[in-house]
Amino acid sequence: MTKYQTLINILDTIIDDAPPSMNKKYPNTTDIEKKNQARARAFIHLYLKVNFGLLNFSEREHFITDGPYDGGIDGYYIHNDSKTIYFIQSKFRTNDLNFESKQIDLSEILVMDVNRILDGEKNDEDSNEYNGKIKQLQREISSIEDIARYSYKVIILANLKDVKASDLRKLTGGFSCSVFDFSKCYENLVFPVITGTYYKASDLSINIDLSNKNAGSKISYTVLTGKGECEITVLFVPTIELARIMYKYKNSILKYNPRSYLGHEGKKVNDAIKETIIEKTTNEFALYNNGITMLSDETYINERIGQKNKAQLIVKNPQIINGGQTSYTLSRIYEENIDNDIESVFQSKEVLVKIITLLENSNHNNKVELINNISNATNQQTPVINADKISNDELQIKIQKCLFDKYGLLYERKRGEFADGIYNNYIPAKSILERNLFFRMFYCSNGRVTKARQKKLFIRQDLTFEDLTADENLLDNTYFAFLCFKKIIKLTHQNQRVDLNTYAKVRAMTILFKPTKIENYEDNIENNYNKLNEKWNSYLEDWKKSNYNTKTRKDKKTGEIRTYQSYNFSKWFDSEKFEEDLKEYYKITN
């Protein structure tokens, strides 16, 4: 599936979330023109969702101004924390080619009436009265008491080539401007949504219940480690607070966790958590669950907030490094009951939270090493396998970015990181490239068929990113091989073991039928796989006739000496001779 199709899936899901009262703007229709108009508005929704964490459809729709007499402004957002007011100009393209190549006309930027609107003008230069949403924007800006502290920024959701930042300022009336072209859109909007990493938490506010805490709300102490001092705070937190946090921040709060949410793989644990929350009215959850370990740069707790039996916890730059499975399952329960009485579902249920505050966190490498040590040492409900422990290595991050940028491939370096995208139907599960499979495809398509069969290949290979990208054909071969592999597996039994023969077929397809242009890969596979397959068995048999060795073996029971033929397919598949023989047999020339 292409990156553009993933974008369309996300936009269509946003449209499906529209309440019935907005059916006119976001119709459920097969009319492609009306569908594309709705997608154009949903594109602005996507930007608001990713950059400002606005999860509710109606909340985002409030900031959409696109329509007649909108002063060239399609949307806006007033960000009170950063004291910034954003003005959005968007141009959605209705096919992948235009989305990646068609530029926004500079005249479309010039029509943005930001200065007129900020000056309080009610009409544009042609005396047309601004629409109600623009007037709403003016009212909201005029009601900001400390407006002198705010700055303004223009966001352009469109391709804009070879225009200097200084020229953009002139075009927008002197305002700072950021351009989200197709590449930035895929990287900063699409990929974060399908991985659930789109909105990062800076300061978390967590409400604490003190009603049954006999000795105060927390235990705190300071420990000295080889990486500096840490303060540990231990307390019980209402499960609804963690559910609310994970619902909003998702995998972005699991950045340092060796894995993301395990859906099907962690089903037994997830079901147990769900059962204890939903089916119990008492607080067995606090007994059954091992708790959450959270990392923080700064931690504050105040038990005197003017409310009886209440306290507030503030955590700066939080990261859950243990208990992500618990937290994410709580968020799923929260999401499933968001239109019901959520409070009653989570009422009186708490979970133990251990917050580790790094008092000396200026050294990033020390911080990461300490986090890894804690993750490895902590007893978790679902074990961390060795491959998980290297999922956050720089090499894995680079591979993931490179494969998505170049091919739109979803390389799963962390187990479960695409669970949110699958759950929301942004992407199909079959589009995920499992990490071991990536290396199997890399090796078999580039002449090392035998190595592709090794177990636990993800943690046994010693390649660098430079090795992987030394020649652009290496990754092109890998991508083509992955598409071939999916085709072959689709035609075989689902549970059939992948043998050496399958990897050899993938290599053969890569040698014979990989075209020059990436966009032709899938068609070439569909058109040529049968050509390979029809003669494949006879090809192997012909090779065996002229390349066998005669060997003898003694039967242990009878003592009889038997003669048999031996064939070294592995050595042949890995050789240049295999490529020569293949082209000769299939009469293919490059």
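Author: A salt bridge here is a side-chain nitrogen of Lys or Arg within 4 Å of a carboxyl oxygen of Asp or Glu. The model is predicted, and it holds 19 salt bridges.

Reader: What makes D12 and R39 a salt bridge?

Author: The closest N and O atoms of D12 and R39 are 2.8 Å apart. The criterion asks for a distance within 4 Å, so the pair qualifies as a salt bridge. It links distant parts of the chain, with D12 in helix 1 (residues 3-16) and R39 in helix 2 (residues 32-52), 27 residues apart.

Reader: Why are strand 8 and strand 11 said to pair?

Author: Pairing requires at least two bridges between two strands. Strand 8 (residues 292-296) and strand 11 share three bridges, and therefore they count as paired, in the antiparallel sense. L295 has Q319 of strand 11 as its bridge partner.

Reader: What makes strand 6 and strand 11 the edge strands of their sheet?

Author: The open sheet has five strands in the order 6-7-12-8-11, with mixed pairing. Strand 6 (218-225) and strand 11 (319-322) each pair on one side only. On average, neighbouring strands of this sheet are turned by 30° against each other, direction ignored.

Reader: Why are R453, K455, K456, R460 and R497 called a patch of positive charge?

Author: Lys and Arg count as positive, and like charges are joined within 9 Å. R453, K455, K456, R460 and R497 gather on the surface and are therefore described as one such patch. Of these residues, R460 lies in helix 20 (residues 457-460).

How values were computed. Residues are numbered from 1 along each chain as its sequence is written. This is a predicted model: local features need pLDDT of at least 70, side-chain atom pairs count only at pLDDT 80 or more; totals for chains, interfaces and linings use all residues. Side-chain values use heavy atoms; hydrogens and water are left out. Patches are made of residues with over 30% relative accessible area and no salt bridge: like charges are joined within 9 Å, nonpolar side chains (Val, Leu, Ile, Met, Phe, Trp, Tyr) within 5 Å. Accessible areas come from the Shrake-Rupley method with a 1.4 Å probe; for residues, only the protein chains shown count as cover. The place of a charge is taken as NZ of Lys, CZ of Arg, CG of Asp or CD of Glu. Helices (H or I, at least four residues) and strands (E, at least two) are DSSP runs, numbered from the N terminus. Axes are lines fitted to C-alpha atoms, for helices over the stretch in contact, and angles run from 0 to 180 degrees between N-to-C directions.
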